[in-house]
Amino acid sequence: LAGQRFLSRDGVELAWREIGDGWPVMLLHGLMGNGATMAGGALAQALAAGGYRVILPDLRGHGDSGRPHDPARYPPDILADDGLALIEHLGLDAYHLAGYSLGGKVVLQLLARGARPSHAVVGGQGLDALDAESERTNGHRRVLAALANGDAFEPGSAEESLAEWVKLSGLDPRAVGYVLNSFVATSRDALRRVPVPTLIVVGEADSRGATAGELAALLPNGRLVLVPGDHLTAPGGPEFSDAVLNFLA
């Protein structure tokens with residue numbers, strides 16, 4: 001599945017892929033993910049089979065997109081800047097916008113900044129998606145910084161297993177660390193003015209589900225659906241894809 005390229009507003013090259021034909025759905029992957037992996041996942045496949053043109057960007061610092069080692073290339077809220085640049089580059093007018101995990105966080109920020117898709121889907125997120133950082137991102141940040149510096153990890157620790165996974169995934173720890181540092185808080189007031197019908201879909205065993213209802217309630221046209229699974233397994237289940245397809249129909 002060959003990627004296509006464009007230059008974002010600051011000249012960094014970003015990649016995206018497409019599968020399927022029909023009404024456009026931009027689908028954003030999670031932290032340390034990429035568009036190619038997401039293209040083979042249950043949701044993207046279900047959307048393509050359901051008659052949608054699925055647009056799968058590689059977020060900056062991930063996949064085939066630029067991963068510069070200059071912190072100045074990761075200014076505050078750069079992922080939303082890049083998302084708006086791709087929407088403009090593709091000339092999307094009538095489209096849907098969806099994301100899982102970090103992708104869901106970016107969807108919320110895009111809505112707060114004025115993106116107006118026909119429908120939006122935020123997967124695997126609760127109210128703390130609106131914070132600049134959570135306890136989870138601090139843990140990731142420490143591991144990525146240690147990897148970038150070549151530090152050793154305590155044998156058998158959770159940090160060591162995350163570090164091993166990062167290495168096997170071919171990720172760039174320094175670039176992803178810079179991405180984490182670019183996160184900003186999302187304005188609750190801005191979201192209260194977003195008219196877009198928005199689905200919050202979270203696994204029942206995902207800790208983020210505890211506040212997912214509050215996130216849905218913040219949006220004038222927010223709706224919550226809980227599906228089987230946890231943060232890792234929920235998006236692969238048929239119930240997750242069904243919830244999204246039913247919402248977009």
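Five of the six residues of strand E4 (residues 52-57) are buried, so the strand is largely enclosed by the rest of the structure. The structure described here is a predicted model, and every value below is computed from it.

**Strand E4 and its partners**

Strand E4 is joined to two other strands. Four bridges connect E2 with E4, and these two strands run antiparallel; within this pairing, arginine 17 has leucine 56 of E4 as its bridge partner. Four bridges also connect strand E3 (residues 23-28) with E4, but here the strands run parallel, and valine 25 stands opposite valine 54 in E4.

**Aromatic pairs**

A search of the whole structure finds three aromatic pairs, two of which are described here. In one of them, the rings of phenylalanine 6 and tryptophan 16 have their centres 5.9 Å apart and their planes at 75°, and because planes over 60 degrees apart count as edge-to-face, this pair is assigned to that class.

Tyrosine 100 and phenylalanine 240 form another edge-to-face pair, with 5.6 Å from centre to centre and 75° between the planes. This pair, too, links distant parts of the chain: tyrosine 100 lies in strand E5 (residues 96-100) and phenylalanine 240 in helix H10 (residues 238-248), 140 residues apart.

How buried are the residues of these two pairs? The cut-off for buried is under 20% relative accessible area, and the table gives the value for each residue.

| Residue | Relative accessible area | Class |
|---|---|---|
| Phenylalanine 6 | 6% | buried |
| Tryptophan 16 | 4% | buried |
| Tyrosine 100 | 10% | buried |
| Phenylalanine 240 | 2% | buried |

**Helix H10**

Phenylalanine 240 is one of the buried residues of H10, which also include Ser241, Ala243, Val244, Phe247 and Leu248. Seen down the helix axis, the buried residues of H10 fall within an arc of 155°, so they line one face of the helix. Which exposed residues does the face of H10 turned away from its buried side carry? That face carries Pro238 and Asn246, both exposed. Helix H10 therefore has its buried residues along one face, with phenylalanine 240 among them, and phenylalanine 240 is the residue through which the helix takes part in the edge-to-face pair with tyrosine 100.

Notes. Residues are numbered from 1 along each chain as its sequence is written. This is a predicted model: local features need pLDDT of at least 70, side-chain atom pairs count only at pLDDT 80 or more; totals for chains, interfaces and linings use all residues. Side-chain values use heavy atoms; hydrogens and water are left out. Rings of Phe, Tyr and Trp (its six-membered ring) pair if their centres lie within 6.5 Å; planes under 30 degrees apart count as stacked, over 60 as edge-to-face and the rest as tilted. Buried means under 20% relative accessible area, exposed over 50%, partly exposed in between (1.4 Å probe, protein chains only). Two strands pair if DSSP finds at least two bridges between them. The arc is that of the directions from the helix axis to the C-beta atoms.
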